[in-house]
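Q: Could you walk me through this fold, one feature at a time? I'd like the general idea and then the actual case.

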Amino acid sequence: LMTLIAYLFLRNQLSPITRLAAAAEAFGKGQLVQYQPRGATEVRAAGRAFLDMRNRIERQIESRTLLLSGVSHDLRTPLTRLKLGLSFLPEDEETRALQQDVQDMERLVAEFLAFVRGDVLEEPELVDPVALAHRAVENAVRSGQAVALGSVAAPAEVRLRPQAVMRALDNLISNAVRYGKHATVSLQATATTLSFIVEDDGPGIPEARRDEAMEPFKRLDAARNPNKGGGVGLGLSIAADIARSHGGALRLGESATLGGLRAELQLAL
């Protein structure tokens, strides 16, 4: 009788801890799971602390997004006035240079806003990852980029934020074709992870500088040839941030098939 009572007591105490662990794991993957603190006093206290932490993180992310959206709007207003003023000036070499500077500033503002936003406010939904990879490749081909679809093996549907993943894939593909001539997009899956793999035939990135390459505003011109046009150093950072928001990571390596960079966007299932 005492064994039965002890078993029921322990099960009632361990079940709330299991639900708390599941809610924390889902939040790490960018998913919100309904959770109500239950169990012993200590377990309920831990559950309430987790809910407070989750709410503070969500408010901070939302406040940051709204603040930077306002900053972006404030910056675009004078940029628009500059473009309008330049359009009335005589067309010469100096005017064209100033117009190019304004375009570069607009692109910088747009990419910075995309980096800090990261589509964290987008709700996860069930998506076919194979169709997502096909669409990313089709968009690149329509843009005149030499991108092909490699092997794809993935579950029928997974829960993720499709717009964020598409942004990460677009950044990785653009990065691949900027420094190489050809790129491939592949898809692999395990029981716990889903990986979008983008490979190119460019010069690649030295192993010692791969972590540095994923830092914001880092441009490794010594490692990657920028002759095809350079970005502002946010493409890999945005992809890494989106991977982390899905409970995964962005891993850089050497392509065994093309010889260039291998960028693996790993997402947790």
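A: Axes are lines fitted to C-alpha atoms, for helices over the stretch in contact, with angles from 0 to 180 degrees between N-to-C directions. Contact means heavy atoms within 4.5 Å. This is a predicted model, in which local features need pLDDT of at least 70 and side-chain atom pairs count only at pLDDT 80 or more, while totals for chains, interfaces and linings use all residues. Residues are numbered from 1 along each chain as its sequence is written, and side-chain values use heavy atoms, leaving out hydrogens and water.

Q: What is the strand order in the open sheet, and which strands stand at the edges?

A: Strands of a sheet pair through backbone hydrogen bonds, either parallel or antiparallel. In this model five strands make an open sheet in the order β2-β4-β5-β7-β6, with mixed pairing; two strands pair if DSSP finds at least two bridges between them. The edges are β2 and β6, each with a single partner strand, so one side of each has no neighbour in the sheet. On average, neighbouring strands are turned by 20° against each other, direction ignored. α4 also packs on this sheet, where it touches β2, β4 and β5, and its direction makes about 165° with that of β2.

Q: In which sense does β4 pair with β2, and in which with β5?

A: β2 (residues 147-152) pairs with β4 in the parallel sense over four bridges. Val 147 has Ala 183 as its bridge partner in β4, and Leu 149 has Val 185. With β5 (residues 193-200), β4 pairs in the antiparallel sense over seven bridges; one example is Ser 186, whose bridge partner is Ile 197. A hairpin of three residues joins β4 to β5.

Q: Why is β4 described as largely enclosed?

A: Five of the seven residues of β4 (residues 183-189) are buried, so the rest of the structure largely encloses it. Buried means under 20% relative accessible area, exposed over 50%, and partly exposed in between (1.4 Å probe, protein chains only).

Q: How do α4 and α5 cross?

A: Two packed helices are described by the angle between their axes and the distance between the axes. The axes of α4 (residues 129-142) and α5 (residues 162-179) come within 10 Å and cross at roughly 45°. That makes α4 oblique to α5 (under 35 degrees counts as roughly parallel, over 145 as roughly antiparallel, 65 to 115 as roughly perpendicular, the rest as oblique). Among the contact residues are Leu 132 and Arg 135 of α4, and Val 165 and Leu 169 of α5.

Q: And at what angle do α5 and α7 pack?

A: α5 and α7 (residues 235-245) pack at about 150°, with their axes 9 Å apart. The residues in contact include Val 165 and Leu 172 in α5, and Leu 236 and Ile 242 in α7. Eight of the eleven residues of α7 are buried, so this helix is largely enclosed by the rest of the structure; Leu 236 and Ile 242 are among the buried ones. Gly 247 follows α7 and has a positive phi, near 75°.

Q: Is Thr 257 buried or exposed?

A: Thr 257 is exposed, at a relative accessible area of 64%, in the loop between β6 (249-254) and β7 (261-268). Its C-alpha atom is separated by 8.6 Å from that of Asp 201, 56 residues apart along the chain.

Methods
Helices (H or I, at least four residues) and strands (E, at least two) are DSSP runs, numbered from the N terminus.
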